[in-house]
Each structure stands twice: as C-alpha cells, then as structure tokens.
Amino acid sequence: MNAGKDRPYVEQNLSPALGWLLYNVSREFSSSLDLDKVLSSVLSFTVQVFDATVGSIFLLDSRGRITKSILARQNLSPEVREQTVVTVMEKGFGGWVYRHAKADIISDTRQDSRWISLPDDPLITLSAVSAPLIRRGQVTGIVTLHHPEPNHFNGEQLDLIQTIAGEAAMAVENASLYKKVMDEHVKLKQLDELKNEFVTHVAHDLKSPLHIIYSYAELLRQFSGLNKEGQEFAREIQTAINRMKSLISNVLDINRIEMGIESELEPTDIAAVVRESAATFQSLALDRKISLTLDVSEGLPLVKGASVRIGQVLMNLVGNAIKFALPAAK
C-alpha cells in the first residue's frame, strides 16, 4: 500500500485542515464545561483532520491512574476497553508518554518496543502519535492517534497535537474546578437548608414556654398578696418575654427572607399595628420613667402591607427610642 497516495487530504490541504481543526477545538473548549462531550468532539475532529484511524484520550489522577477514558473506537466491549487502557498505561506508548511527560511519534510500531499489540485486536496500527496533557507541571491526561500505515504522522502534526493537548489540559482543569465549585455550592445549600429548618423549629419551640411564663407572670400581677415590688418584678418578666418574642419574630423573618419566602401583602389596619407596638413597650417605658403617648387619627383607611413586618419596624423604632431616650426630669 502506498502511503503517499492515500494521504492527499493531510498533505495537500494541511493548512486549511489544521486551521479548521484549531478553530473547532477552541470553539468546543469554550462552549461547554461538559467534559465528556467536549473531549469526544475534539477527539473526533482531531482523528478526522489527522486522517487517523482511531484515537483516545485518557484522563489521569495525581498518581497516574486513569479516571476517565474516551476512545474513538466505540465498538469495544467494557472488558476489552479496560484491558486495553490498563495495558497501554503499564507497558505501552501511553505509559511512556506519561512517565516522560513528552509527546512523540512511533513511525513503525513493528520496530518500536513502546508499542504493545493486544492479542485478537482487529485494529491494525503501524504508526501512532501521542502527547501528554500537562497542567501546572503535572500530566493530567494523554491523547493518542493511530494509523494502519507506517510513517503516517509528521513533525508538524506532532506540534499541533501538543497544542491541542495543552488546550485540553486547560479545559480539564476548568471543568474540574467548576465541578468542585458546584459540589461545594450544593453542600453549602444543603447546610443552609438544615440551618433554616433548625432555626425555624427552635424559634417555634421557644414560643410555647415563653407564653407559659408570660401567663404565670400575669397571674402573679393579679395576685392580691403580691406587694408593689413584686408587681414590678412580674411586669419586668413580661417585658423581657415580649422582647424575646420580638427577637424570635426577627429571626423567623430573616430566615424566611433567606429561604425566599416573602410575606403576603394584605389589607392592614395600620392604627391597630401602631397600638399593638406601643403597648408592647409600655412597661419598659414606665420602668425608665419615660412617657409613651399615642396619637392615632380615627378612621384611618386600610393599607396594603405585611402587618408583621410593619409591626417589626415600629417596634424597632419605639424600642430604640426608649432605649436611648433620657428619662423625664423629676
């Protein structure tokens, strides 16, 4: 068989073909982070332009163990595929490329000890070219092309396959980093969901004992045998409980916002919200000898809003005003 006559596409149209290949390789690597899809497409382009019979791409971990193999030969059974990959890396050309971190050509596999022919392999390979995928000084993969005739591959093609291998190495690293980021994102999202669920349960569980304490404090205030000082203590307990309820409501509101749950807007009696907010801090105002008066116009119309959020804003304003106000002069 005359190799020269059978290779007009590669030799006579080399520059346009290689330009088309590099364009498609760059486009594929920049278009997707789906590593299997991208590497399969690039391998297919490369096999076509190099006029090779088949090709393969092995991805390796830091110990040189194969983590992924992409073969242009789709007709191999899983058992044959695994045997082929292991043999090539242990004794064959691929293993040599990995250990030397160097691209090379085998002009005639019959005269090169680096080539291992597998028994009963229907594929005839008499020449091959291979290059390592190197990123940050580490070989992360190997790309290899086969041809059934000797002396098929040349130095210009060797340079080109090294360029493609370099692009592939960057694509592998980008895809790996993307996967790590997405994995971390999923983990953080799961942790955040657990945190939100925990906060919601704890906040709701706190409301029941607080309500009981508040009720007993109210009974104490109504108890005739309790002196004036005791009445003040009971009122302080209720004031503290109201503060805790407010804090719990704040935590739940923040939790709902983080979970993407927005309060529903509904017709709201703004006067009632103001009165309720003021009533919450009457005891605290009296304790600090501050006069808290309310002036609300009658007949105010309903407004569209979230009564809980509006009440929260008002309680924050009133609470801060009482906290930082100077007590009335005697």
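Predicted model: local features only at pLDDT ≥ 70, side-chain atom pairs only at ≥ 80, totals over all residues.

Residues are numbered from 1 along each chain as its sequence is written, and side-chain values use heavy atoms, with hydrogens and water left out.

The sheet is open and has five strands in the order β2-β1-β5-β4-β3, with antiparallel pairing; strands, like helices, are DSSP runs numbered from the N terminus (E, at least two residues, for strands; H or I, at least four, for helices), and two strands pair if DSSP finds at least two bridges between them. At the edges stand β2 (66–71) and β3, each with a single partner strand, so one side of each is left without a neighbour in the sheet. On average, neighbouring strands of this sheet are turned by 15° against each other, direction ignored, where axes are lines fitted to C-alpha atoms (for helices over the stretch in contact) and angles run from 0 to 180 degrees between N-to-C directions.

Strand β5 (residues 138–147) has nine of its 10 residues buried, so it is largely enclosed by the rest of the structure; buried here means under 20% relative accessible area, exposed over 50%, and partly exposed in between, with a 1.4 Å probe and protein chains only. With strand β1 (residues 54–60), β5 pairs in the antiparallel sense over six bridges, and S56 has T144 as its bridge partner in β5. With strand β4 (residues 127–135), β5 also pairs in the antiparallel sense, over nine bridges. Along this pairing, I134 stands opposite V139, while A128 has H146 as its bridge partner. The two strands β4 and β5 form a hairpin with two residues between them, and R136 in the turn has a positive phi of about 55°.

Strand β4 is likewise described by its burial: seven of its nine residues are buried, so β4 is largely enclosed by the rest of the structure. Three bridges join β4 to the antiparallel β3, with I105 opposite V129 and I106 opposite A128.

T144, in strand β5, is buried with a relative accessible area of 8%, and its side chain is joined to that of S130 by a polar contact of 2.9 Å. A polar contact is a pair of N or O atoms within 3.5 Å; within protein, one must be able to donate a hydrogen and the other to accept it, and residues adjacent in sequence count only if both atoms are side-chain atoms. Leaving aside neighbours within four places in sequence, T144 is in contact (heavy atoms within 4.5 Å) with V54, G55, S56, V129 and S130.

R114 lies in the loop between β3 (104–106) and β4, and R114 is buried too, with a relative accessible area of 14%. The side chain of R114 makes a polar contact of 2.8 Å with the side chain of D104. Not counting residues up to four places away in sequence, R114 touches K91, G92, F93, W96, D104, I105 and I106.

Helix α5 (residues 93–100) lies across β1, β3, β4 and β5, running at about 35° to β4.
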